[in-house]
Amino acid sequence: MSTVSTRLPVVGGLTRGQRVRVAQTLLVGSLLATVEFAPRLGLIGPTTLIPLSEMVGELVRLLVSGELTPHIVQTFSAVFGAFALAAVTGLPAGVVLWRVDRLKRVLDPYLLIYYAVPFFAFYPLLISVMGLGILPILTIAWGFSVVIMVTNTASGLAEIPEVYVQAGRDMNLTDWQLLRYVYLPASVPYVFTGLKLGFIYALIGTIASEFILAESGLGWLISYDYNNFDVRGMYAAMLLVVLLALAVNATLTAVERRLYRRVRR
């Protein structure tokens with residue numbers, strides 16, 4: 001009788017996953033080395049790019065002095081507020097879109113072109129309705145973030161193999177129990193992809209909105225430093241934004257893996 005091996009192929013002593021991680025490490029290392037040494041070797045002018053170590057040093061100085069604190073509070077409030085609001089509204093809306101096929105067929109063409117809409121063209125309208133402050137920024141960031149969560153949740157639920165559902169029905173699970181114990185756990189990869197993309201979109205919407213019209217925030221600070229030729233301050237703020245995106249993505253990935261392991265048990 002023939003048997004099918006479930007082991008991953010090993011090439012050069014490394015599994016496929018290990019080779020991917022090595023390639024990722026080399027790619028990131030090359031990028032960081034380029035940022036560090038290209039300005040030091042004079043390949044890029046100091047008014048265009050500063051070494052990575054100087055960005056880190058300037059970021060630490062600004063954090064310790066407290067100069068960044070009001071900007072961090074402003075931007076983090078908008079980003080995490082928009083992300084939380086998008087998750088609270090987007091995930092249930094994705095379930096509704098998956099359950100109501102007629103609604104999905106009606107909205108599908110509009111969802112496909114959603115991100116072609118120039119959100120920032122509505123900024124004057126939002127200001128006239130909501131006034132200056134964090135609300136217009138939060139609304140735009142929510143608008144950027146929510147639809148990718150809706151579509152990924154609906155797609156993930158629609159992709160679940162019918163055998164899973166049939167097994168649940170054979171165990172006499174109710175519709176609510178099917179949703180809780182079959183559909184939602186099995187759609188974890190799609191849902192978390194939507195959450196991770198949704199956070200990045202919320203971050204982009206917030207930073208870009210602060211560029212246009214804000215009195216504080218990391219986006220405003222990057223624009224202010226750029227206009228005043230403060231390259232060190234600009235790159236320090238940009239580095240903080242990148243670190244925020246990496247930290248949240250790593251956290252969501254860790255939560256996703258933990259949930260996925262529980263589903264596979």
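**Entry: a word to settle before looking**

I call a residue buried when its relative accessible area is under 20%, exposed when the value is over 50%, and partly exposed in between. The model I am reading is a predicted one.

Which residues of α10 are buried? I found Leu218, Gly219, Leu221, Ile222, Ser223 and Asp225 to be buried.

**Entry: the overall layout**

I stepped back to take in the whole chain. The protein has 265 residues, and 38% of them count as buried. I counted 11 helices and two strands.

Next I checked how far apart in sequence the contacting residues are. Taking contacts with a separation of 6 or more, I noted that 70% of them join residues 24 or more positions apart.

**Entry: the nonpolar core**

How many residues does the largest nonpolar core have? I noted 66 residues for this core, and those with the most contacts inside it are Met55, Leu68, Tyr183 and Leu195. Nonpolar side chains tend to be buried together in soluble globular proteins.

Which residues is Met55 in contact with, leaving aside its neighbours within four places in sequence? My list reads Val35, Leu49, Ile50, Tyr235, Ala236 and Leu239.

**Entry: two helices packing**

I turned to helix α3, residues 69–99, and helix α6, residues 134–158. They pack at an angle of about 35 degrees, and their axes are 6 Å apart. Is the crossing of α3 and α6 left-handed or right-handed? I noted it as right-handed. I sorted the residues of the contact between α3 and α6 by type and got 22 nonpolar, eight polar and no charged.

**Entry: salt bridges**

Side chains of opposite charge can pair when their charged atoms come close. My count for this model is nine salt bridges. I looked up three of them.

- Arg232 and Glu54 meet through their side chains at 3.0 Å, N to O. Arg232 is in helix α11 and Glu54 in helix α2, so this pair ties together parts that are 178 residues apart in sequence. Arg232 has a relative accessible area of 37%, so I put it down as partly exposed. Glu54 is partly exposed too, at 26%.
- Arg61 and Glu67 form a salt bridge at 3.4 Å, N to O. I noted Arg61 as partly exposed at 41% and Glu67 as partly exposed at 44%.
- Lys196 and Glu256 form a salt bridge at 2.9 Å, N to O. Lys196 sits in helix α9 and Glu256 in helix α11, and the pair links distant parts of the chain, 60 residues apart.

Are Lys196 and Glu256 buried or exposed? The cut-off from my opening entry is under 20%. Lys196 has 17% relative accessibility, so it counts as buried. Glu256 has 14%, so it counts as buried as well.

I also checked for shared partners. Salt bridges that share partners join Glu54, Glu58, Arg61, Glu67 and Arg232 into one network.

**Entry: positive phi in the loops**

To finish, I looked at two residues with a positive phi. Asn172 is not a glycine, yet its phi is positive, about 60 degrees. Where does Asn172 lie? I found it in the loop between α7, residues 162–170, and α8. Its relative accessible area is 68%, so Asn172 is exposed.

Phe229 is not a glycine either, and it has a positive phi of about 60 degrees. I found Phe229 in the loop between α10 and α11. That brought me back to α10, the helix I began with, which Phe229 follows. Is Phe229 buried or exposed? With a relative accessible area of 74%, Phe229 is exposed, whereas Leu218, Leu221 and Ile222, among others in α10, are buried.

How values were computed
Residues numbered from 1 in each chain as written. Predicted model: local features only at pLDDT ≥ 70, side-chain atom pairs only at ≥ 80, totals over all residues. Heavy atoms only, no water. Axes fitted to C-alpha atoms, helices over the stretch in contact; angles between N-to-C directions. Helix = DSSP H or I, 4+ residues; strand = E, 2+ residues; numbered from the N terminus. Left-handed = near helix turned anticlockwise from the far one by under 90°. Nonpolar A, V, L, I, M, F, W, Y, C, P; charged D, E, K, R; others polar. Core = buried A, V, L, I, M, F, W, Y, C linked by side-chain atoms within 4.5 Å. Buried < 20%, exposed > 50% of the residue type's maximum accessible area, 1.4 Å probe, protein only. Contact = heavy atoms within 4.5 Å. Salt bridge = Lys/Arg side-chain N within 4 Å of Asp/Glu carboxyl O.
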